[in-house]
Amino acid sequence: MAKREIDLSLVDVENREMRLGSIISWDGSAEELVDNSRYELRSRDKRKSLEGCSGKKEKGCRLCELNMPFNQQTMCTHSIVGCQVGNIPDCILIEHSPIGCSAIHARFNLGYKMGLARRGKKIENIQIFSTNLLENDMVFGASDKLRQTILDAHNRFSPKAIFISMSCSTAIIGEDIESVAQEMEEELEIPIIPLFCEGFRSKHWSTGFDISQHGIMRQIVNKHPQKQEDLINIIALWGTDYFTEILKPLGLRVNYMIDMASFDELAQASEAAVTATFCHTLGSYMATALENEYGVPQVDAGQPYGFKGTDDWLRSIAKIMGKEDIIEEYIKAEHERVLPKIEALRKKLSGIKGFVATGSSYAHGMISVIRELGIEVDGSIVFHHDPVYDSGKSEQDTLKELVDTYGNIDHFTVSKTQQFQFYNLLNRVNPDFIIIRHNGLAPLAAKIGIPAFAMGDEHFPVGYDGIIRVGEALIEILARKKFGQVLKRHVKLPYTDWWLSQKDPFILARNPGILDEVAEPQLLESLTEDASPETPIIKSA
Amino acid sequence: MTEVNQTKKSNTIVHPRYGCAIGAINTVAAIPRGIPIANCGPGCADKQYFMLSFSNGFQGAGYSGGGALPSTNVGENEIVFGGHKKLDDLIKSSLKIMDGDIYVVLTGCSIELIGDDVGAIVKEYQEKGYPVVHAEAAGFKGNNLTGHENVVKAIIDQYVGEYKGRKKKGLINLWFDVPYYHANWRGDSIELKRVLEGAGFKVNVLFGSESGGVSEWKEVPKAQFNLVVSPWVGLEIAKHLETKYKQPFLHVPVIPIGEEATTEFIRELVDFAGIDNKKAEAFISTEAERYYYFLEHFSEFFSEYWFGLPARFVTVGDAAYNLAITKFLTDQIGLIPTKQIITDNTPEKHRQNIQKLFHDISDEFPLDVEFIEDGYVIEEKVRNVDYGSSVPLILGSSWESDVAKEIKGLLIPISTPIVSEVVINRTYVGYHGALTLLEKIYSETVRG
């Protein structure tokens, strides 16, 4: 198993689909996906071409995808960069784009303020700047506007660093944000970090995590670290601080990154004793970069979900910290502490079936937790799939670990928040509830009578107590089925009967000709003249 | 973060208060069984949804918006080789998968910049008789308000089509709130339709729960006249219809709030349309009686509440709501307008007229109206207003939450974005809405 190459001398990051062979559209069983991913092989030789389903050598080791002619709106890398480096309290992100690219800020602000509260930091509005580009800027270029906005950010808030994010339009017109960043960095003497995250560049938004982390690694992380032996990096999002409690016996202080972290907290990442994360999909790039560049070791384990996942995760950290002697006793005591409550929850949740729809490796953890509670899972969605993570560590192969520990999932689908497929997918397995992150899918589930647990606090299921938290929350969520049943009785879905009758959510990819076989929809009726007498035309006001 | 000092006005915007032209996907989604098709990057429609629906009273996206919305999700391949095929595939499959009556393609920045001929693709479908329309919606060309006007014009031209027949006396096309952008648009639409029908008109509301969908849109050319109830949004539509269908329009720049304004509004309309005023006057009399029954009760609280009421207020919002609410609070309640900031990037040609409308509200208090879009500057201005001896009253967006907290003011959300309230069917306009607005402001007051 070899570490993936991460080249911090380059300003840009390679897209996930090229770097890891990530896919966004696939359907099969979890076991098949483990087999097809060939994690070990990919981790040994990143550039080795693998045979695709068609038998042809495919560039970038891609799994075979089911390409659909129909797509629904999703999310882009630009958005991810905004919700990452836009959430650093003493730094400023400038979105070099028309104003529409910044339309999500009020939503980011909700998460950011919640995150600040969870981390005990001062709660105040997010400050992301837009260069607010207009038609003339598309014709004549907008570098002067970018310079002006950089100065505005500097004059208004004196940030410790400024990020610049590229958008679709500024990428197409060829804005040179790298040169402007360099020039202004010299003038203002703070890091100015260009991020190439235009929405069209990668087929999956998660490349935006890597772009954000890459920029921080290159221009913020301390290049001359003074080791802090009790510091653990947790690459996270906005989750509640459960990690401090979990890691207390190991005497570790948690350094959360990237959201809500200050410039100095990000800078000290290279000084930590170890790096871990609640989700390898999110954290693997930065954890590996810190390991390669500064020798900060990362966990040799999956993720801290369910008994086995949490046990392995704690053992791995203890091993790195040289505290193997105390960890077994802690694990044993924790099991004894939580088991009675979990047993009680297992009884209450007996016979219930769940369905998970979240980001990639987080879903693997989430399914572990609900299976730990005795809940059946025979179908789930991940919004993309990374056949390997940047670490290349076989211990981090979370999908394999899920299947090995808790068994197969018959219907395991990769689909990037495609609501129209979600109907067929849910009907295929008919769950009692769904657990979900990202928007767009849960409303459909509600309209067919299935309540959704919107997992807004991503740390909620973490650790031994996470199993209890999820179990208790699910009892509350299941009660909402009443509301779903009301909707189901009275609300129509926006899909045609033809589509709703399809058994295969990927039929359009497997049989593209099927669209031609469907009956024509109602054609435009021409306007008919009204027979009533003409009213005299009135002059306008 | 510590603030250093204020810079001069520039292109910069923080805390945006509108989306881009692609935000007009919501205009299409607001038409019953209307299906928007976004022809742009993968995140564009999502971001506009978050600005105009989610972070704006958590309105929900309805039948065909939000996660249901078809999008080409343009990738690198389309940028290099063109997006014709992907759009063609999407339209073709949308017609089979999405159960709608009209499909409107909105083209965003990236496709506009690479120069795809979207019109030609859509035209093929139109020629075969499919109800497909296309509209330019590049974000660098305009915001969601002008995007709304463009989409409406595109539907008129490409779907409703030519009409040279007769008009129906008493039938009105209502051009009013921008769907989803005005968080109360659904409730507003119900109230204004109620008022217009009460006065003896028939009305094409065109969006929301009261609309008849495409069959109502097909009635547009038959209306006696177009009614624009907004300082500027909708005027382009009305002028277009005037040319296209020789249909006159009446422009009422101030949305009526309260009995006196709504009654005056009805009388102006009846006069303009030349319809019999009997039904209208009977309706006015019933409404007025009910209104003052409630206002009388409210007046007792208002007169003898011991614990302090707000007096000076600022408004931060789009021209329409800003103007209407400022007028109601100044003219009907006796509050003191202190600073009025219009945030919707009102086109230059309308600004002078709108300023005059504000100035006409009060002889007693000179109104200070500014057009600003940068939240940083707006919040600075709100912070520095002299609120006198009473609790500061800020009618604005949720972006004003920090400054409201700082100056210990009351924040009443009236403009995008709104994240402190869930909006379902409420309205602040007409007879009923005025009372709800009072309920809202003074509930916040007594809550403290």
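**A friendly note on a predicted two-chain model**

1. Helices (H or I, at least four residues) and strands (E, at least two) are DSSP runs, numbered from the N terminus. D35(A) has 13 C-beta neighbours inside 10 Å and therefore counts as partly exposed. For that label, a residue is buried if 20 or more other C-beta atoms lie within 10 Å of its own, exposed if 12 or fewer, and partly exposed in between, with C-beta atoms placed from the backbone. A276(A) is 241 residues away from D35(A) along the chain, and their C-alpha atoms are separated by 26 Å.

2. Before going on, a word on how to read the model. This is a predicted model, in which local features need pLDDT of at least 70 and side-chain atom pairs count only at pLDDT 80 or more, while totals for chains, interfaces and linings use all residues. Residues are numbered from 1 along each chain as its sequence is written, and chains are lettered from A and ligands numbered from 1 in the order in which they are written.

3. Next, helix α5 (residues 105–118) of chain A. Its 14 residues reach 19 Å from the first C-alpha to the last, close to the expected 20 Å (1.5 Å times one less than the number of residues). The buried residues of α5(A) include H105(A), F108(A), Y112(A) and K113(A). Against what do the buried residues of α5(A) pack? They pack against α4 (77–85) and β5 (128–130) of chain A, together with α2 (44–54) of chain B. Just after α5(A) comes G120(A), with a positive phi of about 70 degrees.

4. The strand β5(A) also links the chains: it pairs with strand β1 (residues 13–14) of chain B in the antiparallel sense, over two bridges. Two strands pair if DSSP finds at least two bridges between them. Within this pairing, S130(A) has I13(B) as its bridge partner.

5. Now the contact between the chains as a whole. It takes 90 residues from chain B and 84 residues from chain A; two residues are in contact if their C-beta atoms, placed from the backbone, lie within 7 Å. On the side of chain B that touches chain A, 40 residues are nonpolar, 32 polar and 18 charged. In this scheme Ala, Val, Leu, Ile, Met, Phe, Trp, Tyr, Cys and Pro count as nonpolar, Asp, Glu, Lys and Arg as charged, and the others, Gly among them, as polar.

6. Chain A holds an open sheet of six strands in the order β1-β13-β12-β11-β14-β15, with mixed pairing. At its edges stand β1 (25–28) and β15 (452–454) of chain A, each with a single partner strand, so one side of each is left without a neighbour in the sheet. The twist averages 15 degrees from one strand to the next (axes are lines fitted to C-alpha atoms, for helices over the stretch in contact, and angles run from 0 to 180 degrees between N-to-C directions).

7. Chain B is divided into domain 1 (21–160), domain 2 (168–281) and domain 3 (305–417), with bounds from an automatic or database domain assignment. The C-alpha centres of domain 1 and domain 2 of chain B lie 26 Å apart. Their contact takes 23 residues from domain 1 of chain B and 21 residues from domain 2 of chain B. Which element gives the most to the side of domain 1 of chain B that touches domain 2 of chain B? That is α7(B), with 10 residues.

8. Chain B also has an open sheet, of four strands in the order β6-β5-β7-β8, and here the pairing is parallel. Its edge strands are β6 (202–204) and β8 (249–252) of chain B; each has a single partner strand, so one side of each is left without a neighbour in the sheet. The twist averages 30 degrees from one strand to the next. Helix α10 (residues 235–245) of chain B packs on this sheet, touching β5, β7 (223–229) and β8 of chain B, and its direction makes about 160 degrees with that of β7(B). Helix α11 (residues 259–273) of chain B lies across β5, β7 and β8 of chain B, at about 165 degrees to β8(B).
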